[in-house]
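The sequence and the model are shown first.

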Amino acid sequence: KKTEMEKLTGYVLEYLWSFVDLSCITQLARVCKVFSNAVRSMKPKWCLDSISFNKIAHSKDVEESLRRVCGSNIRIVDLSGNKTVNDTHMSVIIKVGKWSLERLNLGGCVRLKMIDLCSLKRFQSINLQLCNYVTDVRFPVEKELSSFYAPSSLTSRLPQVKSHLKVQFNPGGYCFHEIRKWCPNLMSLDVSSSGLADTSAWKLLKGEVFSSLKRLNLSWCVSITDDILKSIITQCPMLSVLDLSDVHNLTNKSVAEVCNLKYLKWLSLVGDFKITQKGLQPLMNTSLSYVNIHGIHVNTIAEKFLKELR
């Protein structure tokens with residue numbers, strides 16, 4: 001006679017086990033014969049395509065769990081904030097996801113030191129923010145990533161990113177010229193909260209233009225001045241989205257420079273600026289479809305103008 005547990009279908013067990021950390025699946029298989037058979041009989045159509053670890057068990061358990069639960073379908077692995085995952089665990093995950101793994105979130109995995117992604121065939125995106133001890137990341141030479149979130153310790157390992165890049169400028173770290181050199185087809189760049197004050201670090205080499213860049217986030221880059229912004233705008237003529245939130249040193253001169261961007265559609269000037277009502281007037285002659293200047297003190301005329309823009 002079947003027990004109540006044995007009457008549960010595979011779909012029910014899969015749902016129940018979706019609330020259990022993946023590293024515990026192998027341990028579940030050891031609880032009883034019913035659980036063991038259920039784990040062994042899981043079919044590809046039940047397999048998950050993304051996983052999130054809260055804990056990491058022995059690397060052999062991780063490999064067994066991945067193969068049983070995800071098979072060859074694993075596309076997304078989220079290990080963010082995990083302080084136990086190490087290089088050995090990562091090599092196992094990469095081994096299992098060789099033909100399917102697309103995205104890795106390793107933000108805050110402080111025990112990682114070296115990551116080799118060369119064997120991954122469909123890889124697209126990796127987040128290594130706060131992985132301050134990572135000294136080496138190896139990417140497939142012929143592969144362009146869609147997005148890369150990197151700590152400043154990986155300057156020399158910046159991959160060929162084609163869509164979105166999130167980095168932080170720091171003294172001795174990235175500079176604008178290096179990013180253009182490594183990522184010539186980059187469309188979106190996020191350098192928010194960067195503290196680099198050296199004007200030369202934001203400049204491209206003579207004659208260079210970052211023509212592919214369309215979205216640029218400079219929010220909280222408090223060291224940026226009118227002159228630095230002018231240099232950036234000259235080098236990025238195709239920008240359609242520009243976030244200048246809380247870049248407090250900007251004045252009316254910067255607004256005039258922003259108006260030179262022919263393709264600009266979205267502009268954010270949130271924060272306490274040195275921009276006056278007179279400085280906003282040039283925006284009326286642009287093709288902006290959205291502008292946010294919350295925090296700038298203007299009178300009703302300027303407010304009416306903003307409403308018309310929206």
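Helices are DSSP runs of H or I with at least four residues, and they are numbered from the N terminus. In this predicted model, helix α8 spans residues 226–235, and I228 belongs to this helix. The relative accessible area of I228 is 1%, so this residue is buried, given that the term applies under 20%. Between the C-alpha atoms of I228 and K203 the separation is 8.2 Å, with the two residues 25 positions apart along the chain.

I74 is placed in a loop, between α5 (59–69) and β2 (76–78). I74 is buried as well, because its relative accessibility is 2%. The C-alpha atom of I74 is separated by 9.6 Å from that of R103, a residue 29 positions away along the chain.

The two C-alpha separations are listed below.

| Residue pair | Distance along the chain | C-alpha separation |
|---|---|---|
| I228 and K203 | 25 residues | 8.2 Å |
| I74 and R103 | 29 residues | 9.6 Å |

Strand β7, residues 145–149, contains S147. Is S147 buried or exposed? With a relative accessible area of 8%, S147 is buried.

With S125, the contact includes a polar one between the two side chains, at 2.5 Å.

Definitions and conventions
Residues are numbered from 1 along each chain as its sequence is written. This is a predicted model: local features need pLDDT of at least 70, side-chain atom pairs count only at pLDDT 80 or more; totals for chains, interfaces and linings use all residues. Side-chain values use heavy atoms; hydrogens and water are left out. Helices (H or I, at least four residues) and strands (E, at least two) are DSSP runs, numbered from the N terminus. Buried means under 20% relative accessible area, exposed over 50%, partly exposed in between (1.4 Å probe, protein chains only). A polar contact is a pair of N or O atoms within 3.5 Å; within protein, one must be able to donate a hydrogen and the other to accept it, and residues adjacent in sequence count only if both atoms are side-chain atoms.
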